[in-house]
Amino acid sequence: GRHTFEVKARDRDFNEDSTPASVVFRVVPPVWQEPWFIAMVLLFTCAVGVQTTRVVRRDRGLRVANEALSSANHELFGLNRELEGQNRALESANRQIREATQRKSAFLASMSHEIRTPMNAIIGFTRLVRRRAENLAARQQENLDKVLQSADHLLNLINDILDLSKIEAGRMEVKAERFGV
């Protein structure tokens, strides 16, 4: 949003100019705090998850086929050689998937932490300005409220991404408890 500051000038004799000078400026957030960038990271995460699910399902299907062919090894020796080649390719693909998953998790954790720090700063400074700015116009107060609300929403999204990467990395501990509905 646009913000305007008005300043009254005084000369060395403390004569005050009655006409205030106005300065208009616009605060532009860094690209990683833009909703489209966060949406892009979320879409990337979903796409990797979908692809991983497809490969895992394909992997399960190929493993079942491998077990069936191994039991009929005497009759299907030629087919078994072909299947071993497929297994090597699948193991290579699985290694690549594991590496890609690890890279994705590291990227999500790193990116989420890199975004969370400035987001916490934005929230803190916005709250500080709201507390100390008693003479702000209602519109400016509304704008600060919008900034704070958006920053809180983005911080919740970032925390959800961090939780997802912890779950995928196996570092999330589940504590089951009973509770009343």
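## Arg127 and its partner

At 39% relative accessibility, Arg127 counts as partly exposed; on this scale, buried means under 20% relative accessible area, exposed over 50%, and partly exposed in between, using a 1.4 Å probe and protein chains only. The side chain of Arg127 meets that of Asp152 in a salt bridge, 3.7 Å from N to O. Here a salt bridge is a side-chain nitrogen of Lys or Arg within 4 Å of a carboxyl oxygen of Asp or Glu. The pair links distant parts of the chain, with Arg127 in helix 2 (residues 77-132) and Asp152 in helix 3 (residues 138-169), 25 residues apart. Helices (H or I, at least four residues) and strands (E, at least two) are DSSP runs, numbered from the N terminus.

Asp152 is partly exposed as well, with a relative accessible area of 26%. Leaving aside neighbours within four places in sequence, Asp152 is in contact with Ile123 and Arg127, where contact means heavy atoms within 4.5 Å. Asp152 and Ile123 are 29 residues apart in sequence, and their C-alpha atoms lie 7.2 Å apart in space.

## A note on the model

This is a predicted model, in which local features need pLDDT of at least 70 and side-chain atom pairs count only at pLDDT 80 or more, while totals for chains, interfaces and linings use all residues. Residues are numbered from 1 along each chain as its sequence is written, and side-chain values use heavy atoms, with hydrogens and water left out.

## Other salt bridges

The structure holds six salt bridges. One of them joins Asp59 and Arg63, at 3.1 Å from N to O. These two residues sit four residues apart in helix 1 (residues 35-71), so about one helical turn separates them. Asp59 is buried, with a relative accessible area of 10%, whereas Arg63 is partly exposed at 48%.

Arg10 forms a salt bridge with Glu16, and the closest N and O atoms of that pair are 3.5 Å apart. Arg10 is exposed, with a relative accessible area of 56%, while Glu16 is partly exposed at 44%. Salt bridges that share partners join Lys8, Arg10 and Glu16 into one network.

## An aromatic pair

Rings of Phe, Tyr and Trp (its six-membered ring) pair if their centres lie within 6.5 Å; planes under 30 degrees apart count as stacked, over 60 as edge-to-face and the rest as tilted. By this rule the structure has one aromatic pair. The ring centres of Trp36 and Phe37 are 5.9 Å apart and the planes stand at 85°, so the pair is edge-to-face. Trp36 is partly exposed at 48% relative accessibility, but Phe37 is buried, with a relative accessible area of 14%.

## The nonpolar core

In soluble globular proteins, nonpolar side chains tend to be buried together. A nonpolar core here is a set of buried Ala, Val, Leu, Ile, Met, Phe, Trp, Tyr and Cys residues joined through side-chain atoms within 4.5 Å. The largest such core has 14 residues, of which Phe37, Val41, Ile115, Met119 and Ile123 touch the most other members. Helix 1, helix 2 and helix 3 are the elements that give two or more residues to this core, and helix 3 gives the most, with six residues. Not counting residues up to four places away in sequence, Val41 touches Phe107, Leu108 and Ile161.

## Cavity and pocket

Both kinds of space are found on a 1 Å grid over the protein atoms alone: a cavity is a set of points where a 1.4 Å probe fits but cannot get out, a pocket is an open set with protein on both sides within 12 Å along at least five of seven lines, and lining residues have an atom within 4 Å of a point. Grid points are joined across faces, edges and corners, and a volume is the space filled by probe spheres set on the points. The structure holds one cavity of 30 Å³ or more, and the largest cavity contains about 50 Å³ of space. Phe37, Ile38, Val41, Leu108, Met111, Ser112, Ile115, Ile158 and Ile161 line the largest cavity. Helix 2 supplies the largest share of that lining, four residues.

The largest pocket has a volume of about 1000 Å³. Of the 28 residues that line this pocket, His3, Val27, Asn143, Leu144 and Val147 are the closest to its centre. Strand 1 (2-7), strand 2 (21-26), helix 2 and helix 3 each supply at least two residues of the pocket lining, with the largest share, eight residues, coming from helix 3.
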